[in-house]
Amino acid sequence: MILPEFEYKKPKVIKKALQLFQANRGDAVYLSGGTDLVPRIKQRLEKPSIVIDLKNISSLNKIELSRSWLKIGANVTIYELKNHPFVKDNLPALADSLEATACETIQMRGTIGGNVLQNTRCLFYNKSDEWRKAKGYCLKMGGQVCNAVKGAKMCFANYTSDNAPALITLETQVRLSGVDGSRQIPLAAIFSGKSDRPFTLQPGEILTHFFIPANKTRGCYLKIRVRDSIDYPLVGAAASLKNGNGCLAIGGIGAKPLHFDFDETEDGWGERIAREAASHVTPVANTVLSPTYRKKMVYVLVKRIVRKLSGEGC
């Protein structure tokens, strides 16, 4: 598959990128690393008339550490972030998730912002245009029914970021810049819960920075995938602990990461959150693994994380 023709712009400041988007509203997309967007354009899942490349905006390429926050530009690569000393020494859930993201070749290109803002995926959606036409367009493509769940009138595509669940467990906030100014909100608030339109960002808004509290944590991220080197998570689980208070997040199933708070001093906390997480996921037959297996593996992954947090290993 080859790329279709489109106009290509590479602004140096956020203001210019926003102006370009507004001038081409409905036909413009932002490009950062491109590891998610470019294949989507090749498959004609995106059909932009203009691609606005954000890589030349220097303010989005920095990592800054203060007493309160680790501030990460959205264009920082997965590889650069996983090798940052503060991440390696203090944020193990995030470090694990970065290491588990694809392979190093893709990590050197893919960005943290792009990984978080990747679109949802489904076996019946992420195919060539010819395949989709032959099968019949699904709800996410403007069709009338879901191709994964017979007769369903809602989309069940999966949000498959490795990094978002880990970031959520760390109480991460994000800064968004749009034509009406900037706003800073919890990362979890950017998810709509709708697989066909997974994000709450306003048209043209740019995710510019992540803010992680500069605290030392204990944590872990584990995932299920078919090929260890490159695959998206079919189930992902992250947990972070600080001063006995913890957060668990489940990804790879459904429209957004699910998250659950827990207290390490509570009797039986590990079994409780494992059962609670498994009870809240509703996988369907839209991946290469069965829904029943994926649901069981939520429980298994959480129990492994609990053992690791308790010092027993996975």
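Visitor: What covers the buried residues of H10?
Guide: The cover includes E11, E12 and helix H11 (291-309). Contact means heavy atoms within 4.5 Å. Helices (H or I, at least four residues) and strands (E, at least two) are DSSP runs, numbered from the N terminus. The model is predicted: local features need pLDDT of at least 70, side-chain atom pairs count only at pLDDT 80 or more, and totals for chains, interfaces and linings use all residues. Residues are numbered from 1 along each chain as its sequence is written, and side-chain values use heavy atoms, with hydrogens and water left out.

Visitor: Which residues of H10 are buried?
Guide: Trp269, Gly270, Ile273, Ala274, Ala277 and Ala278. Buried means under 20% relative accessible area, exposed over 50%, partly exposed in between (1.4 Å probe, protein chains only).

Visitor: Why are the buried residues of H10 said to line one face?
Guide: Seen down the axis, they fall within an arc of 155°, so they line one face of H10. The arc is that of the directions from the helix axis to the C-beta atoms.

Visitor: What makes E9 and E12 edge strands?
Guide: Strand E9 (218-224) and E12 each pair on one side only. Their open sheet has the order E9-E10-E11-E12, with antiparallel pairing. Two strands pair if DSSP finds at least two bridges between them.

Visitor: How do you know that E11 and E12 pair?
Guide: Strand E11 (residues 245-251) and strand E12 (residues 258-263) share six bridges, in the antiparallel sense. Ile250 stands opposite Leu258 in E12. In the hairpin of E11 and E12, Gly252 takes a positive phi near 85°.

Visitor: What pairs with E11 over seven bridges?
Guide: Strand E10 (residues 235-242), in the antiparallel sense. There, Ser240 has Cys247 in E11 as its bridge partner.
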